[in-house]
Amino acid sequence: MSENLITALHDERSRAAAAAKAVLEAAADAKRDLTAEENQTVDRAFADMDSKAAQIAAAEKIADAEKSALESRSRFTVAIEAPVKSERATDESELRRIGLTGGRVAFEFEKRDLTKSTGLGNPVGIAAQVNVVAGSVNPFIDARVIDLYTVSTGNNFQFPRVTALGTAAGVAEAGAIGESDGTLSSLSLTPAKYATLIQVTDELVRDAAFDISAMIAEKAGQEVGIAHGAVAAPAVAAAATVGKQGAAVAPVFADLVDLVYSVNQRYRKAPGAGFIMNDTTLGGVRKLLDSQNRPIFEAGNLGGPDTLLGFPVWSGALVDTGDEAISIVFGDLKQIKTLLVGGVEIAVSNEYAFANGLVTYRVQVRGVTGLVQAGAVRSFKGANV
């Protein structure tokens, strides 16, 4: 992958960001709201920025894969190399085999693949593909955002938590030290099942030109990711302490600043500190200006996440409608724990839709998400007025 292409994509994204910034600053200087045409211009610029960010991530992944392949090949001096069957090819042939003969198979997660974006055209395992696609629509299973564990069973897991600290006091020389015990409890997590059915024709299962692995990863990844996110986001929002009560549904600049500083500096300055908010709220926040009439949203550079007030911001399925809905959480997102059990299980039935000549793939993933320390992540609660 040419470095020139990646550089050009970064340049195009920067130009789109500059165009949006110019419109927002012009309106701020004139002390007026954006016109309908200006709103459309800003929205188009933001959409272009998101599109370029996705292209940059895919291009950088492909470039890394090509570089790794060249480095690996350079270590050998043999004139003829035996063909190496990639993990992707193994998964692909296995999916075809069970599609033709029936049965089930479990594909294990590879933790190394969960921490970076990847293109479905690269030779990565089906489990990693499903999880990468799911993570793109659900930050609660993205290891860049939260603390992700892969476990072998679906038994209940306990994470220790401190609900109240003890009290320390100054003690004179040879003085008695008083006892002050904190309060301890635990976060109990029991994985739940998320599943979907995917049907393809007998002909496509037999057709080597059809990429079953990519199709299953794309469809199942999105559906499973959305289903888990719809449960995980409200659970985290409910567990988080309210850090700022808004006067309206949408936050203003001061609300976001208050939310950030409602979090103890131990968590506010943690490496995993950041925002999660729903798309509707994020769309409004991207247009907010600070006290100096500067946009508070910054587009990510070099494939990094977008930032807000200096912290990464991620899109998640938090609720923004209804009375006093919670649409934003902020804090040490690594205090959010997600368990994924085993991997991705794919079972096949040739009889479920036999009359239509369809092969039915059932894709199952088991997982659960919770917040360990309620004070580590705080929420913005809007109010309908």
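Helices and strands are DSSP runs, numbered from the N terminus. The structure shown in the following views is a predicted model.

**View 1. Overall make-up of the chain.** The chain comprises nine helices and 14 strands. Of its 385 residues, 43% are buried. Among contacts with a separation of 6 or more, 78% join residues 24 or more positions apart. The accessible surface amounts to about 19,800 Å², and carbon and sulfur atoms account for 54% of that area.

View 2. Asp306 lies in the loop that links β8 (297-298) with β9 (307-308). Its relative accessible area is 15%, and because buried means under 20%, Asp306 is classed as buried. A polar contact of 3.0 Å joins the side chain of Asp306 to the side chain of Arg13. Leaving aside neighbours within four places in sequence, the residues in contact with Asp306 include Asp50, Phe297, Glu298, Phe311 and Pro312, as well as Arg13.

**View 3. Helix α1, which contributes Arg13.** Helix α1 covers residues 3-29, and Arg13 is one of its buried residues. Others among them are Ile6, Leu9, His10, Val23 and Leu24. At 1.5 Å a residue, the 27 residues of α1 should span 39 Å; the end C-alpha atoms are 38 Å apart, so the two values agree. After α1 comes Lys31, which has a positive phi, near 55°.

**View 4. The largest nonpolar core.** This core contains 42 residues, and Ile216, Ile276, Ile346 and Tyr361 have the most contacts inside it. Elements that give two or more residues to the core include α3 (87-101), α4 (126-137), β5 (192-201), β12 (336-353) and β13 (358-371). Helix α6 gives the most, with nine residues. A second, separate core of 31 residues includes Leu24, Phe275, Phe330 and Phe380.

**View 5. Contacts of Ile276.** Leaving aside neighbours within four places in sequence, Ile276 is in contact with residues including Pro139, Phe140, Val145, Trp314 and Leu318. Ser327, Ile328, Val329 and Leu333 are also among its contacts.

**View 6. Val231 in helix α6.** Val231 belongs to helix α6 (residues 212-239). With 47% relative accessibility, Val231 counts as partly exposed, because that class lies between the 20% limit for buried and the 50% limit for exposed. The C-alpha atom of Val231 is 8.7 Å from that of Val368, although the two residues are 137 residues apart along the chain.

Terms used:
Residues are numbered from 1 along each chain as its sequence is written. This is a predicted model: local features need pLDDT of at least 70, side-chain atom pairs count only at pLDDT 80 or more; totals for chains, interfaces and linings use all residues. Side-chain values use heavy atoms; hydrogens and water are left out. Helices (H or I, at least four residues) and strands (E, at least two) are DSSP runs, numbered from the N terminus. Buried means under 20% relative accessible area, exposed over 50%, partly exposed in between (1.4 Å probe, protein chains only). A polar contact is a pair of N or O atoms within 3.5 Å; within protein, one must be able to donate a hydrogen and the other to accept it, and residues adjacent in sequence count only if both atoms are side-chain atoms. Contact means heavy atoms within 4.5 Å. A nonpolar core is a set of buried Ala, Val, Leu, Ile, Met, Phe, Trp, Tyr and Cys residues joined through side-chain atoms within 4.5 Å. The expected span of a helix is 1.5 Å times one less than its number of residues. Accessible areas come from the Shrake-Rupley method with a 1.4 Å probe; for residues, only the protein chains shown count as cover.
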